[in-house]
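Me: Can you walk me through this one? I'd like to start with the sheet.

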Amino acid sequence: MARYMIQASYSTQGIADLVSNPQDRAAAVRPLVERLGGKLESFDFAFGDFDAVVILEVPNNVAAASIAMAVGPSGAISSLKTTVLVSMEEAMEAMRQASGVDYRSPGA
């Protein structure tokens with residue numbers, strides 16, 4: 001399974017709705033992730049450019065994209081960014097594969 005980090009910013013209306021009706025948004029996202037055969041690892045609120053950071057594991061890119069497509073149009077989110085997470089084992093395999101590649105920079 002693949003892991004992803006989703007960073008989201010709430011719209012002004014989304015924040016107003018949460019303030020007037022506080023709720024556990026992880027409880028709202030978890031069933032969607034599980035329906036796609038995945039697992040919600042964490043859902044945290046954050047300071048900075050994004051209001052929430054979600055780490056999840058789903059079978060593939062299609063499942064990750066479907067989460068963004070389901071949540072995005074709700075109106076509660078003003079921006080959404082999905083990042084594929086690469087495990088250390090996968091990163092090391094990529095390093096090994098890259099070590100055998102003869103790549104020349106443009107103009108070299």
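**The sheet**

Reply: Four strands make an open sheet in the order S2-S3-S1-S4, with antiparallel pairing. Strands are DSSP runs of E with at least two residues, helices are runs of H or I with at least four, and both are numbered from the N terminus. Two strands pair if DSSP finds at least two bridges between them. This is a predicted model, where local features need pLDDT of at least 70 and side-chain atom pairs count only at pLDDT 80 or more, while totals for chains, interfaces and linings use all residues. Residues are numbered from 1 along each chain as its sequence is written, and side-chain values use heavy atoms, leaving out hydrogens and water.

Me: Which strands stand at the edges?

Reply: Strand S2 (39-45) and strand S4 (77-85) do; each has a single partner strand, so one side of each is left without a neighbour in the sheet.

Me: How many bridges join S2 and S3?

Reply: Six, in the antiparallel sense, with strand S3 spanning residues 52-58. Asp-44 stands opposite Val-53 in S3.

Me: OK, new topic. Where is Ser-11?

Reply: Ser-11 is in the loop between S1 and helix H1 (12-20).

Me: Is Ser-11 buried or exposed?

Reply: Ser-11 is buried, at a relative accessible area of 12% (buried means under 20%, exposed over 50%, partly exposed in between, with a 1.4 Å probe and protein chains only).

Me: What is Ser-11 in contact with?

Reply: Leaving aside neighbours within four places in sequence, Ser-11 is in contact (heavy atoms within 4.5 Å) with Gly-75, Ala-76, Ile-77 and Ser-78.

Me: And where does Met-92 lie?

Reply: Met-92 is in helix H4 (residues 88-99). Met-92 counts as partly exposed, because its relative accessibility is 40%.
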